[in-house]
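Work through these exercises with the model open beside you. Try each task before reading its solution.

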Amino acid sequence: WCLFAGCVIPFLLSASSGYFRAQQFGSADNKNPRAQQAALEGTGARLVAAQKNAWEALAIFTAAVAVNSLHGYGEGWLSGVLALVWLGARILHPIFYVYDLDKLRSLIFLVGFACSLALFFV
């Protein structure tokens with residue numbers, strides 16, 4: 001379930017950045033959305049960056065969950081705790097990004113990354 005929830009996060013961030021594209025440019029350009037996203041400033045730009053980071057973190061977490069499950073540890077309590085902490089970190093990460101709390105954002109990124117790494121080895 002944590003993996004599924006992690007898959008939803010980037011899509012929610014994308015939808016949120018659409019609001020800021022419409023605010024800054026008058027409408028969301030669906031013909032060339034990436035160019036418009038690249039031109040965003042402020043909160044909208046931070047949402048786009050958070051979305052990109054969410055995809056990157058999801059790739060590592062997905063591999064970690066697969067390896068953990070293939071080794072038969074996916075049902076262990078520690079694996080579950082690590083997955084839940086990862087999910088909590090991934091929920092907090094874009095919040096800290098949007099509010100421009102860079103030190104907290106970096107710290108919570110490291111927490112999530114450490115959880116992913118730990119899933120490879122527990």
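## Exercises on a helical chain

The buried residues of α1 pack against α2, α3 and α4. Contact here means heavy atoms within 4.5 Å. Helices (H or I, at least four residues) and strands (E, at least two) are DSSP runs, numbered from the N terminus.

This is a predicted model, in which local features need pLDDT of at least 70 and side-chain atom pairs count only at pLDDT 80 or more, while totals for chains, interfaces and linings use all residues. Residues are numbered from 1 along each chain as its sequence is written, and side-chain values use heavy atoms, with hydrogens and water left out.

**Exercise 1. Describe the overall make-up of the protein chain.**

Step 1. Count the elements: the protein chain has five helices and zero strands. From the N terminus on, the order is α-α-α-α-α.

Step 2. Take the dimensions. The C-alpha trace spans about 50 × 30 × 15 Å along its principal axes.

Step 3. Check burial. Of the 122 residues, 34% count as buried. Buried means under 20% relative accessible area, exposed over 50%, and partly exposed in between (1.4 Å probe, protein chains only).

Step 4. Look at contact range. Take the contacts between residues at least 6 apart in sequence: 64% of them join residues at least 24 apart.

**Exercise 2. Compare the span of α1 with the expected value, then list the buried residues of α1.**

Step 1. Helix α1 covers residues 2-25, which is 24 residues. The expected span is 1.5 Å times one less than the number of residues.

Step 2. List the buried positions: C2, G6, I9, P10, L13, S17, G18 and R21.

Step 3. Zoom in on S17, which sits in α1. S17 is buried, with a relative accessible area of 0%. Leaving out residues up to four places away in sequence, S17 touches Q37, L40, G44, L47 and V48.

Step 4. Look just past the end of α1. There, G26 takes a positive phi of about 95°.

**Exercise 3. Is A39 buried, exposed or partly exposed, and which residues does A39 touch?**

Step 1. Read the accessibility. A39 has a relative accessible area of 38%, so it is partly exposed.

Step 2. Find its contacts. Not counting residues up to four places away in sequence, A39 touches Q24 and F25.

Step 3. A39 and R105 are 66 residues apart along the chain, and their C-alpha atoms are separated by 22 Å.

**Exercise 4. How do the axes of α3 and α4 cross, and which residues make the contact?**

Step 1. The two axes come within 8 Å and cross at roughly 170°. Axes are lines fitted to C-alpha atoms, for helices over the stretch in contact, and angles run from 0 to 180 degrees between N-to-C directions.

Step 2. Classify the angle. α3 and α4 are therefore roughly antiparallel to each other. Angles under 35 degrees count as roughly parallel, over 145 as roughly antiparallel, 65 to 115 as roughly perpendicular and the rest as oblique.

Step 3. Name the partners. From α3, they include L47, A50, A54, L58 and F61. From α4, they include A83, W86, R90, H93 and Y97.

Step 4. Sort by class. The contact of α3 with α4 has twelve nonpolar, five polar and two charged residues. Ala, Val, Leu, Ile, Met, Phe, Trp, Tyr, Cys and Pro count as nonpolar, Asp, Glu, Lys and Arg as charged, and the others, Gly among them, as polar.

**Exercise 5. What do the buried residues of α4 pack against?**

Step 1. Check the helix. The 22 residues of α4 should span 32 Å, and its end C-alpha atoms are 32 Å apart, which agrees.

Step 2. Pick out buried residues, among them L82, W86, L87, A89 and F96.

Step 3. Identify the neighbours: the buried residues of α4 pack against α1, α3 and α5.

Step 4. Contrast I91, also in α4. I91 is partly exposed, with a relative accessible area of 46%.

**Exercise 6. Which residues of α5 are buried, and which are exposed on the other side?**

Step 1. R105, I108, G112, C115, S116 and L119 are buried. They cover an arc of only 95° around the axis, which puts them on the same side of α5. The arc is that of the directions from the helix axis to the C-beta atoms.

Step 2. On the other side of α5, K103, L107 and F121 are exposed.

Step 3. Find the cover: it includes α3 (42-70) and α4 (77-98).
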